[in-house]
Amino acid sequence: MARYYSSMKRVYNLHATLIKSGQHDNPLSLRTFVLRCANSSSPPDTARYAASVLLRFPIAGDPFPYNAVIRHVAVHAPSLAFSLFSLMHRTNVPFDHFTLPLILKPSEKLDPHHIHTLALKLGFRSNVYVQNALINAYGTRGSLHASLQLFDEMPHRDLVSWSSLISCFAKNGFPSEALVLFQQMQLRESAILPDGVIMLSVISAVSSLGALELGVWVHAFISRTGLGLTVVRTTPSTGFLPGSLMREHLA
């Protein structure tokens, strides 16, 4: 609590200094102030304050401070994230390949089709970062056909592309399809090695199917590839590991 008040006091004092010196609407001074409020170690309220300042004094032509603030307020204050996104659109601040993925995260109410259309209009058809975010957004909202179609149309896929799609199917009640996708990844993308995140989706799919033999195979695969520690660190409190899966079936 003391740290919170200390942080907010510094923000207020800094903003007051800008106002007294007549720099409160200077783009360079304002940019520096906003980025200080939205750094990774700042509490959420400092980023909210930065958002309120940006909404009152927009910075023209520079998406970076908007992205920085949207990243921080998206979880705690999604309405502010949308307000900043709308402000960027109204004031012709260009969206970049970070802006669109950031705005897809705050709320499940946002139709990813609108952002998808915007991404195509802005020339992000082949941007893997934007495409991965759209795959996840469609899947999170249950639009698996749209996720799969987007995935199939991608000229280049990376680990996150596969991980997002496999997770979408696993979380939406299609464990068999998720495992088929994992097998396809291994066959078609020999240069892409699975990580702990993707193996969690595989474990979830195997657990949903209650398939002991697959569980044994997954356990051996994780041990062979050295992913065991990664998976353990990713799930420190769930106990949702292949070993426990096998023990359930062997009990």
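Two rings of Phe, Tyr or Trp count as a pair if their centres lie within 6.5 Å. In this predicted model, such ring pairs link Tyr12, Phe33 and Tyr49 into a cluster.

## Overall composition

The protein has 251 residues, of which 44% count as buried. Its secondary structure comes to 15 helices and zero strands. Among contacts between residues at least 6 apart in sequence, 59% join residues at least 24 apart. The accessible surface comes to about 13500 Å², and carbon and sulfur atoms account for 57% of that surface.

## Aromatic pairs

By the ring-centre rule, the count comes to nine aromatic pairs. One of them is formed by Phe85 and Phe95, which are stacked, with 4.6 Å from centre to centre and 20° between the planes. This pair links distant parts of the chain: Phe85 belongs to helix α5 (residues 78–90), while Phe95 is in the loop between α5 and α6 (99–104), and the two are 10 residues apart. Both Phe85 and Phe95 are buried.

Phe98 and Tyr129 form another pair, which is edge-to-face. This pair also links distant parts of the chain, with Phe98 in the loop between α5 and α6 and Tyr129 in helix α8 (residues 128–140), 31 residues apart. The geometry of the two pairs is set out below.

| Pair | Arrangement | Centre to centre | Angle between planes |
|---|---|---|---|
| Phe85 and Phe95 | stacked | 4.6 Å | 20° |
| Phe98 and Tyr129 | edge-to-face | 5.4 Å | 70° |

## The loop between α5 and α6

The loop that holds Phe95 and Phe98 is also the place of Asn92. Phi of Asn92 is near 60°, a positive value in a residue other than glycine. Why does Asn92 count as exposed? The relative accessible area of Asn92 is 65%, and exposed means over 50%.

## Nonpolar core

The largest nonpolar core has 69 residues. Which residues have the most contacts inside this core? They are Tyr66, Val69, Leu100, Ile115 and Met199. Leaving aside neighbours within four places in sequence, Tyr66 is in contact with Leu54, Pro58, Ile59, Leu84, Leu87, Met88 and Val93.

Ile103 lies in helix α6 and has a relative accessible area of 0%, so Ile103 is buried. Not counting residues up to four places away in sequence, Ile103 touches Ala81, Phe82, Phe85, Leu110 and Ile115. Among these contacts of Ile103 is Phe85, which stacks on Phe95. Ile103 and Ala133 are 30 residues apart in sequence, and their C-alpha atoms are 9.8 Å apart in space.

## Buried asparagines

Asn67 is found in helix α4 (residues 63–76). At 5% relative accessibility, Asn67 counts as buried. What does Asn67 touch beyond the residues up to four places away in sequence? Its contacts are Met88, Asp96, Phe98, Thr99 and Leu102. Met88 is also in contact with Tyr66, and Phe98 is the ring partner of Tyr129.

Asn132 lies in helix α8, the helix that holds Tyr129. The relative accessible area of Asn132 is 6%, and Asn132 is therefore buried. With neighbours within four places in sequence left aside, Asn132 is in contact with Met154, Asp158, Val160, Ser161 and Ser164.

## Cysteines

How many disulfides are counted? The count comes to zero disulfides. Cys37 counts as buried because its relative accessibility is 3%, and buried means under 20%. Cys168 is buried as well, with a relative accessible area of 3%.

Definitions and conventions:
Residues are numbered from 1 along each chain as its sequence is written. This is a predicted model: local features need pLDDT of at least 70, side-chain atom pairs count only at pLDDT 80 or more; totals for chains, interfaces and linings use all residues. Side-chain values use heavy atoms; hydrogens and water are left out. Helices (H or I, at least four residues) and strands (E, at least two) are DSSP runs, numbered from the N terminus. Buried means under 20% relative accessible area, exposed over 50%, partly exposed in between (1.4 Å probe, protein chains only). Contact means heavy atoms within 4.5 Å. Rings of Phe, Tyr and Trp (its six-membered ring) pair if their centres lie within 6.5 Å; planes under 30 degrees apart count as stacked, over 60 as edge-to-face and the rest as tilted. A disulfide is a pair of cysteine sulfur atoms within 2.5 Å. A nonpolar core is a set of buried Ala, Val, Leu, Ile, Met, Phe, Trp, Tyr and Cys residues joined through side-chain atoms within 4.5 Å. Accessible areas come from the Shrake-Rupley method with a 1.4 Å probe; for residues, only the protein chains shown count as cover.
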